[in-house]
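Biologist: I would like to learn how to read this fold. Where do we start?

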Amino acid sequence: MKATDIPFVKHIGIEEQNNELSLNFKNDVLNHIKTIHASAQFTLAETQSGIHLQNLFPELEGKVLPVLRDAQIKYKKPAQEKIIAFSSTDEEAVVKFKSQFEKKGRGSLQIEVKIKDINDILTCQATFTWFIQTL
């Protein structure tokens, strides 16, 4: 299943264009101070990490079960505009994961995500640790 097909992701309105996810500034996702709710930002970041994982290992699709093991997020500035997610992974961590996965059929991988608004202001940053296991 593609990460953007998850019902909750669709429900809050996360959009994808060229493997880049975004969330519009709209009433449905605002909090009590009229900025994008922390949970909506978390969902955008977590979904971006899932897309990143799928893009790193397309050959594993349908053959593994990835589950989120740990998440750390820090909110930096209020999100007062449309927000966009950017993800990355340390190349050394990818090599380590591949080795571990080949030996044991399972492994963990951390993915970093930054959320910025359309004015390039960092609203939050997060680290997601995925546990991936052969079906």
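Modeller: This is a predicted model. Start with a helix. Helix H3, residues 91-104, lies across S3, strand S5 (106-117) and strand S6 (122-134).

Biologist: At what angle does H3 run to S5?

Modeller: Angles here compare N-to-C directions and run from 0 to 180 degrees. H3 runs at about 150 degrees to S5.

Biologist: Now the sheet. What is the order of its strands?

Modeller: Read across the sheet, strand by strand. The order is S1-S2-S4-S5-S6-S3. That makes an open sheet of six strands, with antiparallel pairing.

Biologist: Which strands stand at the edges?

Modeller: Look for strands with a single partner. Here they are S1 (15-17) and S3 (64-75). Each has a single partner strand, so one side of each is left without a neighbour in the sheet.

Biologist: By how many degrees are neighbouring strands turned against each other on average?

Modeller: By 30 degrees, direction ignored.

Biologist: How many bridges join S1 to S2?

Modeller: For two strands to pair, at least two bridges are needed. S1 and S2 (residues 20-23) have three, and they run antiparallel.

Biologist: How many bridges pair S2 with S4?

Modeller: Two, again in the antiparallel sense, with S4 covering residues 83-88. Find Ser22: its bridge partner in S4 is Ile84.

Biologist: Which residue in S5 does Ile84 stand opposite?

Modeller: Lys116. S4 and S5 run antiparallel, joined by six bridges.

Terms used: Residues numbered from 1 in each chain as written. Predicted model: local features only at pLDDT ≥ 70, side-chain atom pairs only at ≥ 80, totals over all residues. Heavy atoms only, no water. Helix = DSSP H or I, 4+ residues; strand = E, 2+ residues; numbered from the N terminus. Contact = heavy atoms within 4.5 Å.
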